Amino acid sequence: MPHRRGPTGLGQGTVGRIRRRGRAVAVNSATVLLTGSLALTAGCGIGSGGTTGERPPGASRPSPSPTPPWERHPDSVAAVGDSITQGFDACSLLADCSRVSWVTGTDAAVRSIAERLIDDDPAGHSWNFAVSGSVMADLPQQMERAARKRPELVTVLAGANDACRPAVAQMTPVADFRADFRTALRTLHKARPKAQVYVSSVPNLKRLWSQGRNDPWGKRVWDLGICQSMLRDSQSDSQAAEERRQQVHERVMAYNSVLEEECGRFLRCRYDGGAVFRYRFTKSELSRWDWFHPSKTGQRKLAELAYRGITARHGERPR
C-alpha cells in the first residue's frame with residue numbers, strides 16, 4: 001500500500017412527497033394515523049431505495065427486510081482503490097503489476113474477479129482505475145472515471161494509505177474518511193444508479209507487521225519508507241512503539257466500521273464483513289520484495305474472498 005507522495009505503497013435519498021387527492025374523505029382518527037404512517041414509509045423509499053438505493057441517515061432496514069436487487073454474476077467490473085489492486089510489489093520491487101490484480105488481472109494463476117465472473121471477454125469488460133499511493137480522498141475521482149465505463153459492479157479496496165502515513169498524527173481523521181467515502185459512493189450512484197459496489201475491508205496492518213518484522217530483507221525495504229506509522233522501528237518493543245502501532249490498528253478498525261456503515265446505507269452495496277481484515281496472510285501470500293503487499297498468491301486469495309462475497313446469496317455473510 002505504497003504512498004507515492006513518498007512510497008508506501010449517492011445524492012441524498014429522495015424523500016417522497018405525500019400528494020393530496022383534492023377531495024374530502026370522512027375518516028376517523030385511527031384511519032388518519034394508519035394512512036399517514038403508511039404514506040411516510042412508502043415516501044421515504046425504505047426497502048426500495050428510491051433512485052439510488054440510499055437510506056436516510058439513521059434509517060434502518062424494515063423487518064423482515066426485502067431482498068436487495070443484487071446481481072450475483074455481473075457482466076462487467078471496474079476496480080478502484082490503491083496499490084493492492086494494482087498488484088504493487090507482486091512481480092518486482094516498487095512496481096505495479098496489474099496483470100496479477102485480484103480484480104482485473106489476466107494471470108491465470110490469480111483467477112481474478114473478472115476471470116471468475118465474466119464468461120465473454122473478461123479483459124474487455126473490466127477496468128482498473130486504482131492508483132498506487134491513493135487515499136480515500138482520491139476515491140471520488142476514481143469512481144467518476146469508473147462510472148464512464150458503465151460497469152455493473154465496482155470493487156473498492158482503499159484506506160490502507162490513510163493509516164500508512166509518515167507519522168500517526170498525519171493519518172486521515174475518521175470524519176474525513178467517512179465524508180470522502182460517502183462522496184465516492186454518491187458520485188458513482190448519481191451517474192450509475194443501478195451499479196453495484198463491493199467493498200473490501202482494510203487489511204490488518206498490525207498483523208502484516210508481525211509477519212515480516214523478523215525478515216532482514218523486509219526490514220531493509222520497510223526502511224525505504226513503506227507505511228512508517230506502522231513499520232518504523234519494526235524491531236522495537238518499546239512502549240512508545242507498541243502504543244504507536246496500536247493507534248494505527250485502532251484507526252484501521254475505525255475505517256472498517258465506516259466502510260460497513262456507509263455501504264449499509266445503499267441497497268446495491270455489499271461490505272465484505274471484515275473478511276480481508278480477518279484473513280491471516282501467510283508469508284507465501286506476501287510479497288517477497290516487501291513482506292507487506294500481497295504476492296501473486298495473496299492476490300489470488302483476495303480474489304477468492306471477494307468472489308465468495310459477491311456471489312453469496314442474500315442473507316449469507318461474506319467469509
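Biologist: How many salt bridges does the count come to?

Modeller: This is a predicted model, where local features need pLDDT of at least 70, side-chain atom pairs count only at pLDDT 80 or more, and totals for chains, interfaces and linings use all residues. Side-chain values use heavy atoms, with hydrogens and water left out, and residues are numbered from 1 along each chain as its sequence is written. A salt bridge here is a side-chain nitrogen of Lys or Arg within 4 Å of a carboxyl oxygen of Asp or Glu. By this rule the count is 11.

Biologist: Which residue forms a salt bridge with Asp107?

Modeller: The closest N and O atoms of the pair are 3.2 Å apart. Asp107 sits in the loop between strand S1 (77-81) and helix H2 (113-117), and its partner lies 189 residues away in helix H11 (residues 296-311). Helices (H or I, at least four residues) and strands (E, at least two) are DSSP runs, numbered from the N terminus. The partner is Lys296.

Biologist: Is Asp107 buried or exposed?

Modeller: Buried means under 20% relative accessible area, exposed over 50%, and partly exposed in between (1.4 Å probe, protein chains only). Lys296 has 31% relative accessibility, so Lys296 counts as partly exposed. Asp107 has 14%, so Asp107 counts as buried.

Biologist: Which residues are linked with Glu262 in a network of salt bridges?

Modeller: Glu262 and Arg265 meet through their side chains at 3.2 Å, N to O. Glu262 is buried, at a relative accessible area of 2%. Arg265 is buried too, at 9%. The network links Glu262 with Arg178, Arg182, Glu261 and Arg265.

Biologist: How many residues apart are Glu304 and Arg300 in helix H11?

Modeller: Their side chains meet in a salt bridge at 3.5 Å, N to O. Glu304 is partly exposed at 21% relative accessibility, and Arg300 is partly exposed at 28%. The spacing is about one turn of the helix, namely 4 residues.

Biologist: Is H6 parallel or oblique to H9?

Modeller: The axes of helix H6 (residues 205-212) and helix H9 (residues 239-263) come within 8 Å and cross at roughly 135 degrees. Axes are lines fitted to C-alpha atoms, for helices over the stretch in contact, and angles run from 0 to 180 degrees between N-to-C directions. Under 35 degrees counts as roughly parallel, over 145 as roughly antiparallel, 65 to 115 as roughly perpendicular and the rest as oblique. Therefore H6 is oblique to H9.

Biologist: Which residues in H9 meet H6?

Modeller: Contact means heavy atoms within 4.5 Å. H6 contributes Leu205, Lys206 and Trp209. In H9 they meet Arg245, Gln246, Val248, His249 and Val252.
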